[in-house]
Amino acid sequence: MAETTLAGAMEKSIQLDKQIKISDKEYETLRTVYLDTLEQLDHKTKLVDALQLEIADLKGSQNKEFLQMQESLNNKEIEINQKIEKIKLKYKNYTDDLKKEIFLSNQINQRMQRYIDSIK
């Protein structure tokens, strides 16, 4: 029984060989094309991987630049706010001094007026 199965398998193999009959040259050509295709695919895969890494680096770089710009803007805003506060303080001191001068001037004017009135 094993001989029948073996004989059937050999017969089937011979039939398949006849159907798939290609020359050694055609086989080598197909093999070369296949290997070249695999090599190109490997190269393209490496290129895609490299591009993905570069994209990730660029995104990271852009994010880093954005954060640096944001920090710089925040620092400028703080600096501007500090200058505004200094100006407000100077203005307040100036207005306070003016109010004192006006008050003193009014007092002097009142005294002068009283003196003038007393002389009359």
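Before picking anything, one working rule: a salt bridge here is a side-chain nitrogen of Lys or Arg within 4 Å of a carboxyl oxygen of Asp or Glu. Keep in mind, too, that you're looking at a predicted model.

**Whole chain**

Start with the cartoon view. The protein chain has two helices and zero strands. How much of the chain is buried? Of the 120 residues, buried ones make up 1%. Four salt bridges turn up by the rule above, and we'll visit some of them along helix H2, which covers residues 24-119.

**Stop one: Glu 79 and Lys 83**

Select Glu 79 and Lys 83 and show their side chains. These two form a salt bridge, and their closest N and O atoms are 3.6 Å apart, which puts the pair inside the 4 Å cut-off. Why can they reach each other? Side chains of opposite charge can pair when their charged atoms come close. Here the two positions are four residues apart in helix H2, so about one helical turn separates Glu 79 from Lys 83.

**Stop two: Glu 85 and Lys 88**

Slide along to Glu 85 and Lys 88. Their side chains meet in another salt bridge, at 3.8 Å from N to O. Both residues sit in helix H2, and the spacing is three residues, about one turn of the helix. Color by accessibility and Glu 85 comes out partly exposed, with a relative value of 47%.

**Stop three: Lys 92 and Asp 96**

Next, pick Lys 92 and Asp 96. This salt bridge has an N to O distance of 3.0 Å. Lys 92 and Asp 96 are four residues apart in helix H2, so they too are separated by about one helical turn. Lys 92 is partly exposed at 46% relative accessibility, while Asp 96 has a relative accessible area of 26% and is also partly exposed.

**Last stop: a nonpolar patch**

Finish by selecting Ile 108, Met 112, Tyr 115, Ile 116 and Ile 119 and turning the surface back on. Together they form a nonpolar surface patch with about 530 Å² of accessible area. Zoom in on Tyr 115, which lies in helix H2. At 52% relative accessibility, Tyr 115 counts as exposed, because the exposed class takes in anything over 50%.

Methods. Residues numbered from 1 in each chain as written. Predicted model: local features only at pLDDT ≥ 70, side-chain atom pairs only at ≥ 80, totals over all residues. Heavy atoms only, no water. Buried < 20%, exposed > 50% of the residue type's maximum accessible area, 1.4 Å probe, protein only. Patch = residues over 30% accessible without salt bridge, like charges linked within 9 Å, V, L, I, M, F, W, Y side chains within 5 Å. Areas by Shrake-Rupley, 256 points an atom, 1.4 Å probe, with all protein chains shown as cover.
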